[in-house]
Amino acid sequence: MAKKTLLITHTDLDGISPVILLNLAGVKFDYKSVEISDLLDTWNKLIEEDELKKYELIYICDLTAPQEIYDYINEHKLNVKVFDHHETHLYANVYDYVDVKVDYRNRQTCATELFYIYLKSIYNDLDKESIKEYVDYVRELDTYKFTSEVPKEIDALKGTYGNKEFIKTITRRLKKNDTFKFTSFEKRFTKVKKQELQRYLEKKEKHMFTYNIDKHNVGVCFAELNKSELGNYLALKHPELEFIILIDASSRISYRASRDDVNVAEFASIYGGGGHKLASGSSFTDDDRKKIIESYYKDAKEIEILVDTED
Ligand SMILES: [Mn+2]
């Protein structure tokens, strides 16, 4: 059996677009798309199940790999190439098979762009206008620097189609067309979705609380959906507030700012979190959730009941 290529990549648009690029290059490969926090587990499982040796080449994209993974790669002399743009990953540039850049040609870059530059130098077929355009859209979305609405529309389609179907349909489209185009159905769908989002943002804004926390004037909102759109919308609309706190009670807390004088990473670190200057997060634990239940229902006592989750 001929050896194959393995791609280990992130789950977002910048993570799954490398899958599309390998499809377009005509490479025979398997891929795993994982959350950053699951990378090490995924890697260790590949080792345990003796899977790694099935591959003659392994790409890792859009994920910050910990030193442990590099130690293994170096010790076993695996043929690996890494493409990423996270600051926390710059340390790995000491290895000649790693390409981590935060900026490229005087602007922020993304994993898809770095991977594309590399693949294009090997597979001439990729040097095509539609693919170039698509990679630019992915970069704009991932670095939040927009010149049009198209990147957000592409990302919304990814959410609607689901990753597998999205990869299939975009691969086919980029192969066939000279420029990147939406179908007429997608155009109509996107318009309706946008109107829906606008109503959602306005509704959330009405339910925003304002607080002073640790000497900062902030807006606080509860939200489970469209958090980055919402955080951005509220931060831009309310320059009188230093930043916006979005509490996703079933998951985590996000901090968003649009002002240069604010550093939400610092604020988040007080609460055990971290991130970037304008976008950070901290965790919201089961203990926090229980506190809410128990402060609302004064007589609540937690009990153990076996729940049958099979359906
Ligand atoms: Mn990325």
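Strands of a sheet pair through backbone hydrogen bonds, either parallel or antiparallel. In the predicted model, five strands form an open sheet in which the order is 2-1-3-4-5 and the pairing is parallel. The edges of this sheet are taken by strand 2 and by strand 5 (98-100), each of which pairs on one side only. From one strand to the next, the twist averages 10°.

Within this sheet, strand 1 (residues 4-9) runs parallel to strand 3 (residues 55-61), and six bridges join the two. Along this pairing, Leu6 stands opposite Ile58 of strand 3, and Ile8 is placed opposite Ile60 of strand 3. Strand 1 also pairs with strand 2 (residues 29-33), again in the parallel sense, through five bridges; here Thr5 has Phe29 of strand 2 as its bridge partner. Between strand 1 and strand 2 the chain passes through helix 1 (residues 13-25), and the β-α-β crossover made in this way is right-handed.

Helix 1 lies across strand 1, strand 2 and strand 3, and its direction is at about 160° to strand 1. Helix 4 (residues 111-120) likewise packs on the sheet, where it touches strand 3, strand 4 (80-84) and strand 5; the direction of helix 4 makes about 135° with that of strand 4.

Contacts between helices were examined next. Two packed helices are described by the angle between their axes and the distance between the axes. Helix 1 packs with helix 7 (residues 163-176) at an angle of about 45°, the axes being 9 Å apart, and the two helices are therefore oblique to each other. Their crossing is right-handed. On the side of helix 1, the contact involves Ile16, Val19, Ile20, Asn23 and Leu24, which meet Asn163, Ile167, Ile170, Thr171, Leu174 and Lys175 of helix 7. Sorted by class, the residues of this contact comprise seven nonpolar, three polar and one charged.

Helix 7 also meets helix 6 (residues 150-161), with axes that come within 6 Å and cross at roughly 125°, an angle that makes helix 6 oblique to helix 7. The crossing of helix 6 and helix 7 is right-handed. In this contact, Leu157, Lys158 and Tyr161 of helix 6 meet Asn163, Glu165, Phe166 and Thr169 of helix 7, and the residues involved divide into three nonpolar, two polar and two charged.

Technical notes
Residues are numbered from 1 along each chain as its sequence is written. This is a predicted model: local features need pLDDT of at least 70, side-chain atom pairs count only at pLDDT 80 or more; totals for chains, interfaces and linings use all residues. Two strands pair if DSSP finds at least two bridges between them. Helices (H or I, at least four residues) and strands (E, at least two) are DSSP runs, numbered from the N terminus. A crossover is right-handed if, with the strands pointing away from the viewer, the path from the first strand over the helix to the second runs clockwise. Axes are lines fitted to C-alpha atoms, for helices over the stretch in contact, and angles run from 0 to 180 degrees between N-to-C directions. Angles under 35 degrees count as roughly parallel, over 145 as roughly antiparallel, 65 to 115 as roughly perpendicular and the rest as oblique. A crossing is left-handed if the near helix is turned anticlockwise from the far one by less than a right angle, and right-handed if clockwise. Two residues are in contact if their C-beta atoms, placed from the backbone, lie within 7 Å. Ala, Val, Leu, Ile, Met, Phe, Trp, Tyr, Cys and Pro count as nonpolar, Asp, Glu, Lys and Arg as charged, and the others, Gly among them, as polar.
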